[in-house]
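Please read it alongside the sequence and the coordinates.

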Amino acid sequence: MSENVGNAEVEDFPDIVELNVGGVFYTSTLRTLKQESESLLGQTFNGTSALNLIKDSKGKYFLDRDGVLFRYILDYLRNNKLVLPENFHEKERLKQEAEYFQLPGLVKSLCSLIATTPKAGSVSQSKNPPISNSNSLTSVTPSSRPGCITVGYRGTFAFGRDGLADVKFRKISRIIVCGKVSLCREVFKDTLNESRDPDRGVCDRYTVRFFLKHNFLEQAFDMLSEVGFSISSCCASGTNNAGEIKAGMDTEEAKWQHYNEFIFCRK
């Protein structure tokens, strides 16, 4: 249950404020949130905004915005300047968030960055020439670089109810993606969720913490196949019918928990 917190009813906010922004938790000082008094956050936590805050079930103030991008909003308020990681791809979306939170300085900085950022496909081939193999007539372009990507998932079976106990469906909680970051982005594009391992300015790094925004294994396999990857090997755990069952989890489903990994390679 969420609790409405009208500003007229709340005279004082705590010095340390806990936020739930689109499901991502943040902790900040009240001073930071009020750093720009004319911004939406400044007005809200000064008690002068018409926006009514609500609290989530844990008592955190809830904002229905992009929780991943909010970290850059908070960094801007803390440092009074925009600092983005290398190869940051969501400037337009961050600009929309800055406009919503009424931060004109941040909007201006982002507009300048967007104007000077080359659009995809605008870089001349002379700056990224194909890598030729003297022993082969085939050139390796950046879009066909060799590499490996591991796709894993933990799943079970969802059993039918209301007399349909014999009906079973595959149930996947999350599809995990591991490999070189540039390859993962090339393959999965907008379906890739990087919120658990954002950029920190390291080029050609590897990750084991990306996951997909959907739970369709076949869609992930199709996307890998379309850019030249083929399955190299796979492994699977057995079912787990022992151990403690998490609260709210069906007993029968708990017996069928398993973990699988598939390794795809492009040569």
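On a 1 Å grid over the protein atoms alone, a cavity is a set of points where a 1.4 Å probe fits but cannot get out, and lining residues have an atom within 4 Å of a point. Grid points are joined across faces, edges and corners, and a volume is the space filled by probe spheres set on the points. The model is a predicted one, in which local features need pLDDT of at least 70 and side-chain atom pairs count only at pLDDT 80 or more, whereas totals for chains, interfaces and linings use all residues. Residues are numbered from 1 along each chain as its sequence is written, and side-chain values use heavy atoms, with hydrogens and water left out.

A search of the whole structure finds one cavity of 30 Å³ or more, and the volume of the largest cavity is about 30 Å³. Its lining is formed by Tyr72, Asp75, Tyr76, Asn79, Lys81, Leu82 and Val83. By class, this lining has four nonpolar, one polar and two charged residues, where Ala, Val, Leu, Ile, Met, Phe, Trp, Tyr, Cys and Pro count as nonpolar, Asp, Glu, Lys and Arg as charged, and the others, Gly among them, as polar.

Helices (H or I, at least four residues) and strands (E, at least two) are DSSP runs, numbered from the N terminus. In helix α3, residues 70-79, the buried residues are Phe70, Tyr72, Ile73, Leu74, Tyr76 and Leu77; buried means under 20% relative accessible area, exposed over 50%, and partly exposed in between, with a 1.4 Å probe and protein chains only.

**Positive phi values**

Most residues other than glycine have a negative phi.

Strand β2 (residues 16-21) and strand β3 (residues 24-29) pair in the antiparallel sense over six bridges, two strands being paired if DSSP finds at least two bridges between them. Leucine 19 has tyrosine 26 of β3 as its bridge partner. Two residues lie between the strands of this hairpin, where glycine 22 takes a positive phi near 55°.

**Confidence**

The pLDDT, the predictor's confidence in each residue from 0 to 100, averages 81 for the protein, and 76% of the residues score at least 70. Over residues 121-142 the pLDDT is below 50, and this stretch has eleven contacts in the model beyond near neighbours in sequence, a contact being heavy atoms within 4.5 Å. Where pLDDT is low, the predicted coordinates should not be read in detail.

Note on methods:
On a 1 Å grid over the protein atoms alone, a cavity is a set of points where a 1.4 Å probe fits but cannot get out, and a pocket is an open set with protein on both sides within 12 Å along at least five of seven lines; lining residues have an atom within 4 Å of a point.
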